[in-house]
Amino acid sequence: MDLPHPLSHAYLITGGSGDSRAGLVKRLAAAYLCQGERPPCGRCAPCRKVLAGVHPDVSYTGPAPGKQETGVDQIRALRSDAYIRPNEGRRKVYVIDPADAMNPAAQNALLKVLEEGPAYAAFLLSAGRPGVLLDTVRSRCELLALPPEEPEPDPALAAQASSLAELLLGGGELDCARALVELELSKPKADQLSALLTAVESQVSARLARNPRRGAQVLRALKACRENAVYRPGAGHTLGWLVTQLF
Ligand SMILES: [Zn+2]
C-alpha cells in the first residue's frame, strides 16, 4: 500500500492480517521519523532503528502480559509521556496494537490526547475489529483499510483442480465420469469439494480461450453445481449431476 502524503497525526489501520497491519504500522512509524528523501527510505539511521524496533521515539502499547485488555492506566501513562518532547526525532510515535483491546475507559483516556496532543505526537491504532472502538476514537483517526488476505493456495488442490479442468474441457464422457467417480470414492468433505470445484472453475476460466463453447458449458455446470450443493450436500449427487450436465 502507498503511504499517504502528507501524513496525518493519527491512523486507524484495519483489514489484512495482524502481520500485514504490523508491517504497515512499522512503515508508517519509519515515515514519521525518516530523514531520507522519500520517507520511509529504509536506509537512514532513524528508519533502521524503527525497523529494528529500537527507536526511542516509537512506543508500543498493548495488553500487559497475561491480560486481555489494555487498561486506562496504560493509556494515562502514554498520555503523560506524550507531553515530554521527543528523544532524538522530530516526532513521537505511539503504536496501540491491538487497539481494539483498549477497554472503554482506556479509549476515553486516549480521546483527549488524540484531539489536543502536542503536534509532534503521532498515533497508529491497529485493529482487527475496528467496530469495537468508540465512534469518537474512530472519528479522530484517518482510516487505512488493508485488503483482505487471500489464503495460501494449496499446491495439491491446485494440481488436482488443474487435471480435472483439463479433463472436463477436453476429455470424453467416460473419462470424465471415471475421474468424478474416483473423486467421489475419495469421500471429500463438503468444504473440500467446494474448494476443489471453485479451484476448477478458475482453472477452466483461465483456459477458456482454447475451447470457448465447452468451457462456457463447464463453467455453467460448475456454477450450478456449487449452488445446488447447498441443498444437496452429498458428493455423489453433486458429481453425478455434473456429468449429466456436460454430456
Ligand atoms: Zn529513512
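This is a short tour of a predicted model of one protein chain. Residues are numbered from 1 along each chain as its sequence is written. Because the model is predicted, local features need pLDDT of at least 70 and side-chain atom pairs count only at pLDDT 80 or more, while totals for chains, interfaces and linings use all residues.

A cartoon view has 10 helices and 5 strands to find, where helices (H or I, at least four residues) and strands (E, at least two) are DSSP runs numbered from the N terminus. The radius of gyration is 26 Å, well over the 18 Å that the globule rule gives for 247 residues, so the chain is more spread out than a compact globule; the radius is taken over C-alpha atoms, and the rule is 2.2 Å times the number of residues to the power 0.38.

Next, select 10-146 for domain 1 and 155-246 for domain 2, bounds that come from an automatic or database domain assignment. The C-alpha centres of domain 1 and domain 2 lie 48 Å apart.

Now select Y11, A29, V93, F123, L124 and L125, which touch the most other members of the largest nonpolar core, a set of 40 residues. Such a core consists of buried Ala, Val, Leu, Ile, Met, Phe, Trp, Tyr and Cys residues joined through C-beta atoms within 7 Å, and a residue is buried if 20 or more other C-beta atoms, placed from the backbone, lie within 10 Å of its own. The largest share of this core, 8 residues, comes from α1. Apart from this core lies another, of 17 residues, among them A161, L168, L180 and L193.

Terms used. Buried ≥ 20, exposed ≤ 12 C-beta atoms within 10 Å, placed from the backbone.
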